[in-house]
Amino acid sequence: MKDSGMRCSTAGMIGSIDNVSRPLFLDVKHYMEIPPFLGGRFLQVLCHKMSNRKIYFLLGVHAEMIKLDNVSMAYDNGVTALSNVSLNIAKGEFVFLVGTSGAGKTTLIKLIYREECPTTGQVLFDSKNTARLKGKEIPMLRRRIGMVFQDFRLLSQKTVNENVAFTLKIAGIRQKEIRKTVPSVLKRVGLEHKADMIPARLSGGEQQKVCIARAIVNRPPLIIADEPTGNLDPATSWEIMKLFIDINRRGTTVLVATHAWDIVNQMKRRIISLSGRGVIREGVREASAL
Ligand SMILES: Nc1ncnc2c1ncn2[C@@H]1O[C@H](COP(=O)(O)OP(=O)(O)O)[C@@H](O)[C@H]1O
Ligand SMILES: [Mg+2]
């Protein structure tokens, strides 16, 4: 796989623009890091290839949301899950995180969620080193991240409505507001007619939609999904991925760890590939080619 050449170092930024050597897709958004003295933000550009010349349209300037700087992570038992991983995710991006089982995807997600701290290196969320967060700052960070898991993790004794409302309750939102918000979010995921059911009465796909509703109801700026379609059939998996696309279109940053190669290949989004304990490759090509 050729490096995209788009996520360039500060020094090489201008020079590497013309060195992009891969097919470009009109509907793919790219991000280029610009020097820290310009704010360390990202240029969001649209690339169009015309008779061997690449034309760049500036779509906007996006602030960085997540930065991993030379991160290594070893668990207490001595297993190195990630080594020397550096990456940036800008606000508003949609990113697939791919890699074989054991490649470190869940570990990377736990680092962003501050469930773990790196052994070496730094994880920055909105420019703050997450290892330095104290007391209430950790739940505040987590409130900014909507999590979706492969195994749903719904409250089995509560209805769909109550599961989604729970997120708002613990965030201290008033009942009146909760009663107004929950139905509109259930409608967004197509489950307004199942509001009073308990999770056991729903299909896997429907349960995952409840999880997505629960993750977005508090309007977090970031949604992270860890293998969200791992237990679902291909058609349902597409429905779930389309919900993530819709969420991203409305401005939320989305990070999806997945094994669903066929979907990743067709969606032509940014891919971060973890392999061999943290060797990162990037691209928007077919995941199998990474
Ligand atoms: N809590 C843990 N303690 C020890 N080793 C772990 C723990 N969690 C994950 N690992 C190990 O770290 C490596 C990466 O795991 P993980 O991040 O779960 O990968 P993935 O999500 O890509 O399958 C694996 O070798 C796994 O066995
Ligand atoms: Mg995992």
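Which residues is I223 in contact with, leaving aside its neighbours within four places in sequence? In this predicted model, local features need pLDDT of at least 70 and side-chain atom pairs count only at pLDDT 80 or more, while totals for chains, interfaces and linings use all residues. Residues are numbered from 1 along each chain as its sequence is written, with chains lettered from A and ligands numbered from 1 in written order.

I223 is in contact (C-beta atoms, placed from the backbone, within 7 Å) with G146, V148, A215, I216, I247, T252 and V254.

Helices are DSSP runs (H or I, at least four residues), and strands are E runs of at least two, numbered from the N terminus. Of the 13 residues of α6, 11 are buried, so the helix is largely enclosed by the rest of the structure. Its buried residues pack against β9 (145-149), α4 (160-170), α5 (175-188), β10 (222-226) and α7 (234-249).

The residues around ligand 1 (C-beta atom within 6 Å) are Y75, N77, V79, A81, G99, S101, G102, A103, G104, K105, T106 and T107. Helix α2 (residues 105-112) supplies the largest share of this shell, three residues.

Terms used
Two residues are in contact if their C-beta atoms, placed from the backbone, lie within 7 Å. A residue is buried if 20 or more other C-beta atoms lie within 10 Å of its own, exposed if 12 or fewer, and partly exposed in between; C-beta atoms are placed from the backbone.
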